[in-house]
Amino acid sequence: MTPAIESAVQQLSASALAAPQITVLDTGGQYTHLIARRVRELGVYANVQASDTPAAELKNRLGIIISGGPASVLEAGCPDIDPAILALGVPVLGICYGHQLLARHLGGKVEKGERGEYGVAQLTVTASDPLLNGIERSRIWMSHFDTVSKAPAGFNVIGSSEVSGIAAMSDPKRRLFGIQFHPEVVHTQVGRQILENFVFGICAAQKDWNVSQRVPLVEDQIRATVRDRNVFFFVSGGVDSTVAYTLCLRALGPERVFGIYVDTGLMRQGETELVRSIFNELGAKHFIVDSAESEFLTALQGLHEPEAKRRAIGEQFVKVQERVLATEHFLDGHWILGQGTIYPDTIESGGTAKADLIKTHHNRVAGIQSLINAGRIIEPLTSFYKDEVREIGRELGVPAKFLARHPFPGPGLAIRCLCADEPAQAEINSDGIILPVRSVGVQGDARSYRKVLALKETPSREAIEITAPALTNRRADINRVVAQCGAKAPLESLQAFPATITKQRLDTLRKADAIVRDFCLTTKFEDQVWQFPVVLIPVGTSTAPESVILRPINSVDGMTADVVLMNAPDLTRLTQKLLAIPEVAAVFYDLTHKPPGTIEWE
Ligand code: XMP
């Protein structure tokens with residue numbers, strides 16, 4: 001782009017921010033923000049406002065979209081709209097709950113469905129209409145229990161699905177439209193087309209937004225929020241905090257942005273140096289590494305049980321953060337706190353993801369909480385999804401290899417370095433060898449903490465898909481099955497040795513992990529997996545007291561995971577490299593999907 005065009009586009013986008021053409025009214029849905037994002041992807045700026053925003057505030061919009069939401073319009077006190085928006089003459093599109101709200105306000109009927117409709121469904125177009133222009137039968141995505149059983153007067157039923165007789169309805173005269181399905185999710189084949197029909201065909205919106213201009217706009221917002229203060233970040237080396245930090249660096253200049261990275265001593269080989277070099281490359285001027293290795297090792301002394309280790313690490317983080325806040329004087333009024341919170345983090349997941357637990361620890365240090373309460377916090381990425389954060393990172397020149405990194409758990413290698421409190425012997429049985437260590441699993445939605453069964457055979461597709469699931473289903477004493485890749489001694493002779501977290505054991509694990517990582521980068525196996533934990537267990541022989549577990553998996557969100565099989569010649573070569581580490585007696589391959597195993601062993 002020439003500078004003149006660039007500046008014109010920037011002005012265009014800035015005016016769009018000031019006066020959005022399309023507003024999405026939020027009734028509490030998981031996808032509200034995604035609707036606005038999809039509209040912006042069409043080149044039209046859309047913002048999100050509270051569902052009950054007064055009609056007077058919305059009268060200049062070219063279109064209003066009412067989002068889906070978890071409530072039922074049949075219950076008292078459910079999220080509502082100002083009904084006057086339906087008489088403004090502005091086109092309105094209700095989605096899911098929004099569709100039901102339209103029906104209720106305009107004299108139609110909403111009922112509890114007999115059965116819900118969740119997931120993929122088929123849309124049959126039953127009448128021609130501007131909203132469904134160009135669309136015939138197609139795949140849609142539904143997620144609802146209540147259903148519109150009678151369209152309001154003046155409305156035509158324009159589409160139906162197997163379960164929903166009124167999957168889409170329209171009053172073209174008043175330009176009011178309702179759809180039960182979700183056009184914003186990718187599973188709805190014609191979602192983009194429907195939004196295009198609404199935004200351009202019905203609302204006659206003009207393109208005023210260019211996705212590539214979001215970075216300068218976010219930078220403007222940062223300057224407006226921070227004013228004359230400075231910003232400090234606790235960075236983790238993860239993608240979100242790095243990108244948020246870089247945005248602030250660009251918006252405010254390197255003198256005004258401070259980054260602190262806590263080296264817990266529980267990091268992978270070369271991690272601290274890598275993070276330091278990346279921040280250097282990004283132009284950071286004030287970037288400090290707080291070396292807290294000995295504090296963390298002391299906190300972990302003598303602990304064996306996974307949850308006890310996790311708690312100790314969480315509490316230690318809190319102490320280190322308090323110390324840094326006090327010694328760097330970040331609590332005084334010249335500073336505000338920057339955080340890499342992204343949009344999904346702000347949705348109440350209601351889940352118990354461990355990632356949340358660790359984040360909670362970080363965010364709840366008393367000093368930080370008081371900054372949050374005082375409004376002294378900036379989170380430049382709260383409007384974005386992970387893939388957008390990666391794109392923004394690319395635009396900012398954050399190195400690609402850094403943006404593509406696998407997820408890494410907050411407690412670091414401590415939860416990949418298993419401990420044992422007493423000696424124990426491997427046990428032989430008809431199915432294989434029971435290794436004398438326990439790992440965490442998830443069975444029937446509950447945590448399990450059970451032993452591991454080792455098969456003498458090498459890993460195979462059949463062992464992953466048939467043998468391992470059959471064994472974990474049948475045997476109540478195990479939650480995980482591994483296959484041997486190679487060993488310096490017969491499996492039945494292996495013993496568990498009492499062990500806790502020590503620097504020496506962490507170094508052995510770091511060595512093994514680095515060998516695996518280098519190997520996977522060279523063979524491109526890295527690209528086939530979502531994550532590849534390498535785990536050390538204190539099981540071996542008197543001269544080689546440890547074993548290594550390989551845990552390559554594929555996943556979308558970490559909630560479930562499938563084992564990925566490495567080809568046999570590569571696995572043989574990798575095993576030889578690992579067995580060359582003097583402390584390592586055996587190498588195993590984890591054959592357990594999640595569930596019943598978790599991705600991490602602790
Ligand atoms: P699990 O082991 O529960 O892991 O199947 C699912 C995903 O979450 C990561 N994980 C964590 N991430 N703090 C984090 O930030 C944690 O305490 C934590 N524990 C697990 C794990 O690496 C996997 O990607």
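Trainee: What is the strand order in the open sheet of five strands?

Mentor: The order is β12-β11-β10-β13-β14, and the pairing is parallel. Strands here are DSSP runs of E with at least two residues, helices are runs of H or I with at least four, and both are numbered from the N terminus. Two strands pair if DSSP finds at least two bridges between them. This is a predicted model, in which local features need pLDDT of at least 70 and side-chain atom pairs count only at pLDDT 80 or more, while totals for chains, interfaces and linings use all residues. Residues are numbered from 1 along each chain as its sequence is written, and side-chain values use heavy atoms, leaving out hydrogens and water.

Trainee: What makes α7 oblique to α14?

Mentor: Two packed helices are described by the angle between their axes and the distance between the axes. Axes are lines fitted to C-alpha atoms, for helices over the stretch in contact, and angles run from 0 to 180 degrees between N-to-C directions. Helix α7 (residues 239-252) and helix α14 (residues 386-395) pack at about 45 degrees, with axes 10 Å apart. Under 35 degrees counts as roughly parallel, over 145 as roughly antiparallel, 65 to 115 as roughly perpendicular and the rest as oblique. That makes α7 oblique to α14.

Trainee: Which residues of α7 and α14 meet?

Mentor: Val 239, Asp 240, Val 243, Leu 247 and Arg 250 in α7 meet Lys 386, Val 389, Ile 392, Gly 393 and Glu 395 in α14. They divide into five nonpolar, one polar and four charged. Nonpolar covers Ala, Val, Leu, Ile, Met, Phe, Trp, Tyr, Cys and Pro; charged covers Asp, Glu, Lys and Arg; the others, Gly among them, are polar.

Trainee: And why are α6 and α7 called roughly perpendicular?

Mentor: The axes of helix α6 (residues 214-226) and α7 cross at roughly 75 degrees and come within 9 Å. That angle falls in the roughly perpendicular class, and therefore the pair gets that name.

Trainee: How do you know whether Thr 246 is buried or exposed?

Mentor: Buried means under 20% relative accessible area, exposed over 50%, and partly exposed in between (1.4 Å probe, protein chains only). Thr 246, in helix α7, has 2% and is therefore buried. Leaving out residues up to four places away in sequence, Thr 246 touches Leu 282, Leu 396 and Val 398. His 99, in helix α4 (residues 97-105), is buried too, with 0%.

Trainee: Why is helix α2 described as largely enclosed?

Mentor: Nine of the 10 residues of α2 (residues 32-41) are buried, so the rest of the structure largely encloses this helix. Among the buried ones are His 33, Leu 34 and Arg 37. Gly 43, which follows α2, has a positive phi near 95 degrees.

Trainee: What makes Arg 175 partly exposed?

Mentor: Arg 175 has a relative accessible area of 32%, and that value lies between the two cut-offs. Arg 175 is in the loop between β8 (168-171) and β9 (176-179), and its phi is positive, near 55 degrees, although Arg 175 is a residue other than glycine. Cys 96 also has a positive phi, about 55 degrees, without being a glycine. With a relative accessible area of 5%, Cys 96 is buried.

Key
Contact means heavy atoms within 4.5 Å.
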